[in-house]
Amino acid sequence: MIDLRSDTVTQPTDAMRAAMANAVVGDDQYGEDPSVRELEALGARLLGKEAAVFVASGTMGNLAALLAWCGRGDEIIMGDECHIFWYESGGAAALGGMPFALLPNTRTGEIDLDRVRKMIRQKNRPGYPRTGVICIENTHNRCGGVPLRQEYLTQLAALAREHDVPVHMDGARIFNAAAALDLPAEEIARNADSVQFCLTKCLAAPVGSLIAGSADFVQRARAGRKILGGAMRQAGVIAAAGIVALQTMIDRLPEDHRRARRLAEGLAQIDGITIDLDVVQSNIVIFKVEPAIDQAEFVAAMKARGVLVSNYGTRGARMVTHYGISDDDIATALEVARTVMSAPVAA
Ligand SMILES: Cc1ncc(COP(=O)(O)O)c(C=O)c1O
């Protein structure tokens with residue numbers, strides 16, 4: 001099977017497995033796990049932040065960050081296509097009592113700054129919730145893996161500062177954004193007060209995310225992690241793979257991007273497929289096969305021929321390149337897509 005459903009399907013590398021087997025560990029809740037401490041220090045350094053904390057998943061990382069910024073009733077401004085809204089079980093509302101103030105995402109994953117300005121609540125007005133935090137996603141998954149423009153991020157950060165509201169970046173794929181824009185991740189993180197990033201996406205580690213920010217923020221995020229049951233003990237066993245991920249898997253990301261681009265350009269040439277090539281700048285390729293072919297039928301037909309694709313509902317179908325995908329796999333996936341699209345199963 002050629003598995004293009006997600007970049008989360010990767011296997012740990014041999015170096016990761018060896019590092020896990022040999023990890024030096026301790027009780028992390030006592031702050032005594034050297035591997036966790038090393039991972040947190042490395043993650044903070046790569047993002048140019050004072051500190052970082054290791055968490056079990058991106059979902060836990062986003063929620064612990066939001067708990068660090070907001071109290072019950074504080075509102076979170078976010079885009080209506082963001083992961084936190086779609087795929088995190090409404091955790092911030094369910095567990096943190098934080099309402100979502102949704103604004104439309106543009107096709108390039110941004111939220112219009114005038115709309116953000118209007119959505120930030122006037123302070124101390126009876127009846128108004130407090131604006132707790134503004135969330136952005138970079139790269140933006142449902143918007144086709146597009147990296148947010150640096151100029152946009154700078155303007156958003158200035159607006160947020162003007163109103164004394166922090167910015168949280170769901171940077172699950174921040175290193176993809178950095179590779180796509182050919183910038184250090186630190187430059188991208190500079191415009192956010194906190195960043196969650198995943199070790200398990202294109203970096204191929206088996207478990208975990210980091211949340212980075214100021215020392216004060218990270219201390220509060222640690223409290224959030226504990227509330228969520230995410231404070232662990234000898235977590236160095238998994239942190240060790242995360243260290244290898246950060247040391248060895250970042251520099252190869254342009255390879256994934258090159259393959260995704262080739263895939264997207266190949267798909268664009270197939271009759272019945274529509275795709276916005278402008279947003280294909282990282283490892284995610286989202287495209288539509290309808291009305292030529294029913295989307296679910298397309299996904300099933302691809303699977304029957306050995307290529308796994310995600311059915312992304314109203315967004316379309318999704319293919320994601322990663323460490324386990326070769327140039328030959330891309331050629332095969334395109335060949336199979338051509339065959340499937342030539343079979344008339346109308347939507
Ligand atoms: C943009 C984004 N944020 C957060 C997450 C959540 O990460 P996890 O699956 O580790 O909870 C994902 C996972 O796919 C994601 O794509």
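**Around T139**

Tutor: Happy to. T139 touches G145, V146, P147, R173, N176, A177, A180 and S282, leaving out residues up to four places away in sequence; contact means C-beta atoms, placed from the backbone, within 7 Å. This is a predicted model, where local features need pLDDT of at least 70, side-chain atom pairs count only at pLDDT 80 or more, and totals for chains, interfaces and linings use all residues. Residues are numbered from 1 along each chain as its sequence is written.

Student: Where is the place of T139?

Tutor: T139 is in the loop between β5 (131–137) and α7 (150–162). Helices (H or I, at least four residues) and strands (E, at least two) are DSSP runs, numbered from the N terminus.

Student: And is T139 buried or exposed?

Tutor: Buried, because T139 has 30 other C-beta atoms within 10 Å. The cut-offs are 20 or more for buried, 12 or fewer for exposed, and partly exposed in between, with C-beta atoms placed from the backbone.

Student: What about helix α8, how many of its residues are buried?

Tutor: Seven of the eight residues in α8 (residues 174–181) are buried, so the helix is largely enclosed by the rest of the structure. Among them are N176, A177 and A180, which also touch T139.

Student: What covers the buried residues of α8?

Tutor: The cover includes α9 (185–189), β7 (194–198) and α12 (253–268).

Student: New topic: which residue follows α8?

Tutor: D182, with a positive phi near 55°.

How values were computed:
Two residues are in contact if their C-beta atoms, placed from the backbone, lie within 7 Å.
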